[in-house]
Amino acid sequence: MSAQRIDLIRVALQQALAPSTLEIEDDSHRHAGHAGARDGRGHFNVLVVSEQFAGMGQLARHRAVYAALGGLMESDIHALSIRAYTLSEQG
């Protein structure tokens, strides 16, 4: 299921944000037994580098990532750590 979820996240973010860099890490194993993990949804870390973030503050960038993921936030993702940059910020 983890690989399938990562693929769903990857497709959603690629379609919405056209990132030059996209890294997705499933961190669910570190949260086994956590109350929020009982429903079967996962914990993920994402690094998204996209020029679509230009001119956006961090909050707006996070909102853009959440919007791109849409229903996955309710069906597959319990927790999401986001690092969102433009290419020039990533260095």
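Is Asp 76 buried or exposed, and what is its relative accessible area? I began my notebook with this residue, and I found that Asp 76 is buried, with a relative accessible area of 11%, where buried means under 20% relative accessible area, exposed means over 50%, and partly exposed lies in between (1.4 Å probe, protein chains only).

**Entry 1: what I am looking at.** I noted that this is a predicted model, in which local features need pLDDT of at least 70 and side-chain atom pairs count only at pLDDT 80 or more, while totals for chains, interfaces and linings use all residues. I also noted that residues are numbered from 1 along each chain as its sequence is written, and that side-chain values use heavy atoms, with hydrogens and water left out.

**Entry 2: the overall plan.** I looked up the secondary structure and found 4 helices and 3 strands, which are DSSP runs numbered from the N terminus (helices are H or I with at least four residues, strands are E with at least two). Read from the N terminus on, the elements run α-β-β-α-α-β-α. Of the 91 residues of the protein, 40% count as buried. I then looked at contacts (heavy atoms within 4.5 Å), and among those between residues at least 6 apart in sequence, 69% join residues at least 24 apart.

**Entry 3: Asp 76 and its partners.** I located Asp 76 in the loop between H3 and E3. The side chains of Asp 76 and Arg 5 meet in a salt bridge (3.0 Å, N to O), a term for a side-chain nitrogen of Lys or Arg within 4 Å of a carboxyl oxygen of Asp or Glu.

Ser 75 lies in helix H3 (residues 72-75) and is partly exposed, with a relative accessible area of 43%.

**Entry 4: the other salt bridge.** I counted 2 salt bridges in the structure. Glu 89 and Arg 61 also meet through their side chains in a salt bridge (2.6 Å, N to O). This pair links distant parts of the chain, with Glu 89 in helix H4 (residues 87-90) and Arg 61 in helix H2 (residues 58-69), 28 residues apart. Glu 89 is partly exposed, at 43% relative accessible area, whereas Arg 61 counts as buried at 3%.

**Entry 5: the core.** I looked up the largest nonpolar core, which has 21 residues, and among those touching the most other members are Ile 9, Leu 13 and Val 46. A nonpolar core is a set of buried Ala, Val, Leu, Ile, Met, Phe, Trp, Tyr and Cys residues joined through side-chain atoms within 4.5 Å. H1 gives the most to this core, with 5 residues.

**Entry 6: a buried serine.** Ser 50 sits in the loop between E2 and H2 and is buried, with a relative accessible area of 1%. Its side chain reaches the backbone oxygen of Leu 17 at 2.6 Å.

Methods: A polar contact is a pair of N or O atoms within 3.5 Å; within protein, one must be able to donate a hydrogen and the other to accept it, and residues adjacent in sequence count only if both atoms are side-chain atoms.
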